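Dear colleague,

I am handing over the structure below, and after it you will find my notes on what was found. Please read them alongside the coordinates.

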Amino acid sequence: MIKVRYVERPKLTNTEKIFFLDFLRGMKITLKNFFRRTITTKYPFEKLTPPKRFRGVHGHRIKNGKEPPSFKVLEKFMEIKDGESRCVACYMCQQACPVPELFKIEAVQLPNGRKKVIKFDMNLLNCMYCGLCTEACPVDCIIHTDIYEVAGYHRASGVAHLSDLTERAKDFDNRRYHEPDRIWIDDKERSKLWGQIKWS
Ligand code: SF4
Ligand code: SF4
């Protein structure tokens, strides 16, 4: 059974009642903030670029010569051409995910004994953007991008397929691959947004 706790409103003194002191105290805070620098943005007319480490919609990297050393070992078991998904079908991302059902990963074994990924779908409606899948991937294949506008008119649009994920990763890498991996875009940006705030 849920217990509800009521808190009594503090009683005002006669002076407070006569001179509206509570109201004036409130207005003082309002006026102080009225002249402060605005830190909110006029979205969707003004859009901020999130830092590179932002956990936006996922991307799926291809084999492009920028793979980590682990890929060279795992690649031997896979049939992956340049420009194709670099996924080695290890399912580590799915294992790490708190909602593993959101992944649909399928790989087939070819006559030469190597494997090839034929399906990689993610139902992002169930994703909480925790980043565990990206941490688990041994070949830096699944990543978060800086894209955060994902609203759609149909639930089906929340399912990202291999081709969508690949295009997103290409776009993200083209724009930001060489940018230093930092929390803020740059010090100017940080100062613009947060530098004026006095934390109490
Ligand atoms: S970000 Fe978290 S919830 Fe989303 S797919 Fe990755 S591990 Fe799963
Ligand atoms: S962890 Fe990486 S390589 Fe393994 S299945 Fe997921 S995306 Fe593919």
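In this predicted model, three strands form an open sheet in the order S2-S3-S5, with antiparallel pairing; strands here are DSSP runs of E with at least two residues, helices are runs of H or I with at least four residues, both numbered from the N terminus, and two strands pair if DSSP finds at least two bridges between them. Strand S2 (103–109) and strand S5 (159–160) are the edge strands, each with a single partner strand, so one side of each has no neighbour in the sheet.

S2 and strand S3 (residues 115–123) run antiparallel and are joined by seven bridges. Among the residues facing each other across this pair, Ile105 has Phe120 in S3 as its bridge partner, Glu106 has Lys119, and Val108 stands opposite Lys116. The hairpin of S2 and S3 has five residues between the strands, and in this hairpin Gly113 takes a positive phi near 90°. On the S5 side, two bridges join S3 to S5, again in antiparallel fashion, and the bridge partner of Met122 in S5 is Ala160.

Taken as a whole, the protein chain has seven helices and five strands, and its elements run α-α-β-α-α-β-β-α-β-β-α-α from the N terminus on. Its radius of gyration, taken over C-alpha atoms, is 25 Å, whereas a compact globule of 200 residues would have one near 16 Å, by the rule of 2.2 Å times the number of residues to the power 0.38. Along the principal axes, the C-alpha atoms fill a box of roughly 90 × 50 × 30 Å. Of the 200 residues, 18% count as buried, that is, with 20 or more other C-beta atoms, placed from the backbone, within 10 Å of their own.

Two ligands are present, and a residue is counted as near a ligand if its C-beta atom, placed from the backbone, lies within 6 Å of it. Ligand 1 is surrounded by residues including Cys97, Cys127, Cys130 and Cys133, and its shell divides into 11 nonpolar residues, one polar and no charged. Around ligand 2 there are 13 residues, of which the closest are Cys87, Cys90, Met92, Cys93 and Cys137; this shell has 13 nonpolar residues, no polar and no charged. In this scheme Ala, Val, Leu, Ile, Met, Phe, Trp, Tyr, Cys and Pro count as nonpolar, Asp, Glu, Lys and Arg as charged, and the others, Gly among them, as polar.

As for confidence, the average pLDDT (the predictor's confidence in each residue, from 0 to 100) of the protein chain is 91, and 94% of the residues score at least 70. Confidence is highest in helix H4 (residues 92–96), at a mean of 98, and lowest in helix H7 (residues 187–195), at 69. Where pLDDT is low, the predicted coordinates should not be read in detail.

Residues are numbered from 1 along each chain as its sequence is written, while chains are lettered from A and ligands numbered from 1 in the order in which they are written. Because this is a predicted model, local features need pLDDT of at least 70 and side-chain atom pairs count only at pLDDT 80 or more, whereas totals for chains, interfaces and linings use all residues.

With best regards

How values were computed
A residue is buried if 20 or more other C-beta atoms lie within 10 Å of its own, exposed if 12 or fewer, and partly exposed in between; C-beta atoms are placed from the backbone.
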